Each structure stands twice: as structure tokens, then as C-alpha cells.
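The following exercises are to be worked through with the sequence and the structure at hand. Each task is followed by a solution in steps.

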Amino acid sequence: MASTPQASSAHDDSAPDFDCLVFIGRFQPPHLGHLAVIHEALKHARQVIVLVGSAWQARSLRNPWRFDERQAMLRSCFDEEDNQRLDIEPLLDALYNDDVWVRDVQRKVRDIASPQHGRLPRIALIGASRGQSSYYLSLFPQWESVSVPLVEGISASQIRERLFHSHSSAGDYLSTGAAHDLPPSVHTAIGEFTDAEPFQRLIEEQQLLNQYRSAWAEAPYPPIFVTVNAVVVQSGHVLLVKRTAAPGKGLLALPGGFINPHERLLDACLRELRERLRLKVPEPVLKGSLRGQRLFDEPHRSWRGRTLAEAFYFALRPEQQLPQLKPAKGGDHARWVALADLEPESLFEDHFFIIQNFLGLPADFGGA
């Protein structure tokens, strides 16, 4: 049941309602709605933990800013006294494993929230009304829930849409009216971001996405695409390709692609490995090495729109030499990457989480 704390000043002498309030979001970018929640949290708790999701992920139209940039934006909105009571920490998504994500949240809060006078701290989740689903809250039954009135008319996704449709400069962005939804310091930071090279790469992706959407504009229903990916592992290495064009230019990705109309999913996956990568492993060996498959269907997983990916996990027998790769003309640049060297921010879309799902990679990464 939601708890509604009594109003009090952030700096009065009365005991706060909570020892710690936890606010979880992506803050892409931080806007006035987010600030309203944090200001309310500071009124009612000794300590406020802000967990910034989608940390350590590659820049994309949905996640334009890295954790350290979002942390700096948030810090810039508060004075020194409030900042001393704010802990702003990165949180890696775990798109296909709620338990991994919940464990990460629990550990971060446990490590930050200190006992008070020999007793366990009183902790609650705080968020805007309608911003916290009952499912989300059900993941943390040990904590109370605090709702803050929603600031109507502010949407981070709409702010991003306006930003990337302004196309070129801070001046264009200023004319979109988005400044009304942002704290002044955040607006300044975004203006500086529009002059940087990463913004231009994202503009290129937005233009490509616009062309993609235009091609399907006359379809009677929103299209749903089906793709395949191969997770090929041998001797502590996974087979990846380096993307040479937008979207995700320069990022590593799992081998794969769209299925042909009259093709079975596994056959499509094997075709991609054979034709585009020329993986020097006989097809019967690959089929005999198949250890699992799963559909990955997170709604926002792909820039194209609703795109389902069926991934196949091949565990090849350990050998001293990794199988040779000889990309076909026009194919992707393939390589074997040590599992220890995998970093979420270097992988395209949700491919790190696909690998993580099959191999059980840890969710902990170095702090930012």
C-alpha cells in the first residue's frame, strides 16, 4: 500500500519519515518531473538514492547520454547541501532477467543505506503517480512505496524526439520549446551536447530511422520484424561482428539478420554464419553444438521498431585454435572476443543481454 508522508521542510529539525528513499529512472534526460520527485524525497528522507538505469550502454536514440553525463546533469540541479544527501549510482539493465536486476538494486541500496542507531534503516521507493507500476513495486515487497503527484505534460521520450528532429544545432533545439520541460543547467548541457560528434552520429541514425518508417508508412498495421542471432562460444570467446554502418556504426554485434520468407529459424541462423562470416565449422558440428535457443522480445530492443530476435546458443568444443573466419565480400568484420573483455557499452542494441542470458555473465561493472 502506498504511503503518503506528511509534508515537511527539507531542512527542519523534525525527524524525517524515512532513512532512505530510492528513486529509479533512466533520466534520458533529467527533466522537471524528475526533479519534483527528488525534491520531495529530500523533504522526507535523510538520504536519497537515485539509481540511473541503462548505464554502460552504447549511445542510441533511446539512450543518448552516458551515465556520467546524466549524473553531472542531476548534480547541477541541486545545491551543495542537497548534493551531500544524494547518492547517484549507475544501474545496468538486465532486460531478460528480473532477478538479476532486482539483486543489483538490492545490493546497491544495502551498500549505501546505513543502519540508524543500531536499527535497520527504513527504506521506501519513491516515484511519480502512474510512473510506478504494481508489477515494478511487487519486485521489492520489503520496501514501502511513496507516490508523488505526476508533473503533467513532460515526457523524456518527447524531449528526445524534439531534440533529434531539430537536426543540427543548439539553436534549432532552443526553438523547439523543450526548454520549458528542463532545468536551466540541463538545457545548457544538452545545448553543448548538440555541438559534439556523438550528436551528429545520432542525427544520422534518426534520419535513417525516418526513411525506414516512411517505407512502411502505408502498411495497414505496424510491421513486426523477425530476426535471428547466433551466440557462438568456444574456449572462453564469443563470435562477434563489427558494424560498419549506421545504426550502431563501430559497435560489436552478434552475427545474424532477417529471415527469408520460406526459411526456418535455425536454417536462417546457419545461413548467416555460412554466407556472411564463412565460419570454418561444418554445419553438422554446429547443429551438434546447439545448447539452447530463446526468443528475445523486449519492446524497445531495436531501433527499427517491434523486432523479435530468435537467438541460438552454440557451445563449440574447446580447442587450442579458434575457428577461422573469412567474411564474404560486403560482409561484416568478424572476430572472436574474450568473454572477460565484453562491455555492454560496446555492444549493439540488447546483444550483451542476449549473451548474458545464455552464459550467466555478472551484472556488476566498474562504477562511473
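## Exercises on a predicted model

**Exercise 1. The lining of the second largest pocket.** In this predicted model, determine how the residues lining the second largest pocket divide into nonpolar, polar and charged.

*Solution.* Step 1: the lining divides into ten nonpolar, six polar and six charged residues. Step 2: the lining comprises 22 residues in total, and those nearest the centre of the pocket are Arg 243, Gly 256, Gly 257, Arg 304 and Phe 348. Step 3: two elements, strand 7 (225-234) and strand 10 (256-258), each give two or more residues to this lining. Step 4: strand 10 supplies the largest share, namely three residues. Step 5: the space in the second largest pocket amounts to about 400 Å³.

**Exercise 2. The setting of Arg 291.** Decide whether Arg 291 is buried, partly exposed or exposed, and describe what Arg 291 touches.

*Solution.* Step 1: locate the residue; Arg 291 belongs to strand 11, which covers residues 290-296. Step 2: the relative accessible area of Arg 291 is 52%. Step 3: a residue counts as exposed when this value is over 50%; Arg 291 is therefore exposed. Step 4: leaving aside residues up to four places away in sequence, Arg 291 is in contact with Tyr 313 and Ala 315. Step 5: the side chain of Arg 291 also reaches the backbone oxygen of Gly 288, at 3.0 Å. Step 6: Phe 358 lies 67 residues from Arg 291 in sequence, while the two C-alpha atoms are 9.2 Å apart in space.

**Exercise 3. The nonpolar cores.** Identify which residues of the largest nonpolar core touch the most other members, and list the contacts of Val 232.

*Solution.* Step 1: the largest nonpolar core holds 84 residues, and Val 50, Val 232, Leu 273 and Phe 314 touch the most other members. Step 2: beyond residues up to four places away in sequence, Val 232 touches His 237, Val 238, Leu 239, Leu 273, Leu 279, Phe 314, Leu 316 and Trp 336. Step 3: a separate core of 19 residues lies apart from the largest one, and includes Val 102, Val 105, Ile 112 and Tyr 136. Step 4: as a general background, nonpolar side chains in soluble globular proteins tend to be buried together.

**Exercise 4. The whole chain.** State how many helices and strands the protein has, and what share of its residues is buried.

*Solution.* Step 1: there are twelve helices and 13 strands. Step 2: of the 368 residues in the protein, 49% are buried. Step 3: among contacts with a separation of 6 or more, 71% join residues 24 or more positions apart.

How values were computed:
Residues are numbered from 1 along each chain as its sequence is written. This is a predicted model: local features need pLDDT of at least 70, side-chain atom pairs count only at pLDDT 80 or more; totals for chains, interfaces and linings use all residues. Side-chain values use heavy atoms; hydrogens and water are left out. On a 1 Å grid over the protein atoms alone, a cavity is a set of points where a 1.4 Å probe fits but cannot get out, and a pocket is an open set with protein on both sides within 12 Å along at least five of seven lines; lining residues have an atom within 4 Å of a point. Grid points are joined across faces, edges and corners, and a volume is the space filled by probe spheres set on the points. Helices (H or I, at least four residues) and strands (E, at least two) are DSSP runs, numbered from the N terminus. Ala, Val, Leu, Ile, Met, Phe, Trp, Tyr, Cys and Pro count as nonpolar, Asp, Glu, Lys and Arg as charged, and the others, Gly among them, as polar. Buried means under 20% relative accessible area, exposed over 50%, partly exposed in between (1.4 Å probe, protein chains only). Contact means heavy atoms within 4.5 Å. A polar contact is a pair of N or O atoms within 3.5 Å; within protein, one must be able to donate a hydrogen and the other to accept it, and residues adjacent in sequence count only if both atoms are side-chain atoms. A nonpolar core is a set of buried Ala, Val, Leu, Ile, Met, Phe, Trp, Tyr and Cys residues joined through side-chain atoms within 4.5 Å.
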